[in-house]
Each structure stands twice: as structure tokens, then as C-alpha cells.
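Here is a short note on this model, written for a colleague who will look at the coordinates alongside the text. The points begin with the ligand contacts and then turn to the metal site.

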Amino acid sequence: MSTPTTWNAVDDFLVAHLLPTDPALDAALADSAAAGLPAIAVSPTQGKLLHLMARLRGARTILEIGTLGGYSTIWLARALPADGSLVTLELDPHHAAIARRNLDRAGVGARVTIEVGAALDTLPTLVARPERFDFIFIDADKANVPAYYEWSLKLATAGAAIIVDNAIRRGDVTATASVDPHTLGLRALFAALAADARVDATAIQTVGHKGYDGFLLAVVR
Ligand code: SAH
Ligand code: DHB
Ligand code: MG
């Protein structure tokens with residue numbers, strides 16, 4: 001039986017072997033912490049997984065919902081070709097300001113637009129614009145995940161990948177009696193997906209530095 005101690009040791013092993021030292025990513029995390037942002041960015045191995053999935057998809061346009069300090073944003077923006085673009089949505093202007101500095105230092109700032117505001121307000125403005133997205137990462141407030149998923153489908157290209165972070169939450173996703181709005185949001189998303197012919201979807205459980213959680217992956221038909 002593995003334990004969280006094992007998960008952390010294995011994550012360290014994977015980082016040591018597979019993720020070269022990366023000053024821009026390290027600085028993004030250090031400055032985010034110094035600015036008081038919560039330490040809830042994707043882990044390094046998760047960030048690289050997102051990056052590689054965006055490359056596998058050949059994504060030229062990426063949408064992220066939930067920027068924080070831009071750690072996952074840097075990983076995703078690095079997957080883009082030189083003429084690619086990424087739009088990331090963030091409620092908190094302080095988070096957005098830290099993210100802007102981190103993105104610029106990482107050399108991806110010119111490819112990234114940060115839209116500050118509640119995502120439920122900025123998503124409709126995106127639908128009104130022509131740009132559509134090949135890869136969408138949903139990682140903001142969990143209560144609104146079902147709504148973010150619906151907006152994502154409106155904004156997605158055919159064959160787009162939609163990834164949802166924190167899809168398992170220590171197993172809370174199965175807690176039928178839960179009244180936690182985050183858990184309710186995730187459960188509502190899975191309930192909707194059970195009868196959704198617009199995508200092919202799976203979810204995968206993960207362990208490591210962010211504990212026990214998981215990703216949902218939906219590919220638009
Ligand atoms: N994707 C980031 C982590 C995002 S944490 C990374 O892995 O590096 C979640 C972020 O969503 C926080 O910065 C929070 O301020 C933001 N958020 C919360 N509610 C939101 C809303 N209604 N609209 C947009 N962003 C929101
Ligand atoms: C937490 C982790 C996340 O990845 C997130 O998006 C929000 C919260 C957490 O551990 O609390
Ligand atoms: Mg998350």
C-alpha cells in the first residue's frame with residue numbers, strides 16, 4: 001500500500017529525471033508565494049503533462065479558466081507555435097498582475113492575454129469574438145465547473161481537448177451526501193457527461209505533490 005510519503009518521493013524522482021531545472025517556472029512559483037497567492041498551482045509533473053497534451057493536440061489556440069500566478073499558463077503557452085495564442089481568465093486582479101510578470105519573465109507574455117473578471121462574465125464576450133480554441137483547461141472555482149464546461153463547448157473547435165483539474169478531490173466526487181459546492185459542481189459535471197453525446201470523455205485519478213485528485217479529459221466530436 002503506497003502512502004502520501006511515497007507519492008511525494010516518486011514525484012520528486014520523476015521531477016529529477018524528467019523535468020530539467022527551469023528558472024522561469026521556479027521564479028513564477030517563488031514570486032506567487034511571496035505575493036501571498038495560495039500554493040494550488042498544478043504540480044510540475046502535471047504542468048508538463050498539460051504541456052505535452054497541448055502539443056499532442058497540435059493546439060494553436062488555448063483557453064485557460066483560472067490563471068492564479070500563471071504557472072500552468074507558462075506550461076501551456078510553451079506548447080504553442082510561434083503564431084499561437086492563449087487566453088486565460090482570472091477573477092482576482094492581484095493574481096492577474098503577478099501572472100503577467102511571471103509570463104513576461106518566462107518569455108511567453110506576447111502570446112498570452114489575461115482577461116480579468118468573473119469567468120461567467122468574460123466567457124460570453126469570448127463567444128462574441130471569432131477566436132475558437134483547440135485546447136481548454138478548466139481550473140477556477142469548482143462550483144461553476146458545469147457552466148464552464150458548457151461555455152467551453154461553445155468556444156471549442158471540432159476535436160478540441162477540454163481538461164478539468166481537480167476532478168476527483170480526494171474521492172469527494174463520489175460523496176453523494178456532500179453539500180460542499182465544489183463537490184456538487186464536480187458531481188453535476190459528471191452527471192451531465194453521462195448523457196453527453198458531444199464529447200468522448202474519461203477521467204484519470206492522480207497522486208503526488210497535490211495529494212489524491214485527478215483530471216477529466218473530454219475530446220469534442
Ligand atoms: N491554473 C492555475 C491555478 C488556478 S487556481 C495553475 O495551475 O497554475 C484557481 C484560480 O481561479 C484562482 O486564481 C482564482 O482567483 C480563480 N478564480 C476563482 N473564481 C473565479 C471566477 N469566478 N472567474 C475566474 N477566475 C476565478
Ligand atoms: C485546490 C487545488 C486546486 O488545484 C485548485 O484548482 C483549487 C484548490 C486545493 O488543494 O485546495
Ligand atoms: Mg486546480
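1. A nitrogen atom of ligand 1 is placed 3.3 Å from a side-chain N or O atom of Asp141, a polar contact being a pair of N or O atoms within 3.5 Å. An oxygen atom of ligand 1 lies 2.8 Å from a polar side-chain atom of His95, and an oxygen atom of ligand 1 is also found 2.9 Å from a backbone N or O atom of Val42. Taken alone, ligand 1 exposes 580 Å², of which the protein buries 90% (Shrake-Rupley areas with a 1.4 Å probe).

2. The model is predicted, with local features requiring pLDDT of at least 70 and side-chain atom pairs pLDDT 80 or more, whereas totals for chains, interfaces and linings use all residues. Side-chain values rest on heavy atoms, without hydrogens and water, residues are numbered from 1 along each chain as its sequence is written, and chains are lettered from A and ligands numbered from 1 in the order written.

3. Around ligand 1 there are 20 residues, the closest being Gly66, Ser72, Glu90, His95 and Asp139, where a residue counts if one of its heavy atoms lies within 4 Å.

4. The magnesium ion (ligand 3) is coordinated at 2.0 to 2.2 Å by Asp139 (OD), Asp165 (OD) and Asn166 (OD1); donors are N, O and S atoms within 2.8 Å of the metal (3.2 Å for Na, K and Ca), and the site may look incomplete because water is not among the atoms. Along the chain these donors follow the spacing D-x25-D-N.

5. Both Asp139 and Asn166 are buried, that is, under 20% relative accessible area with a 1.4 Å probe and protein chains only.

Conventions: Buried < 20%, exposed > 50% of the residue type's maximum accessible area, 1.4 Å probe, protein only. Polar contact = N/O pair within 3.5 Å; in protein donor to acceptor, adjacent residues only side chain to side chain.
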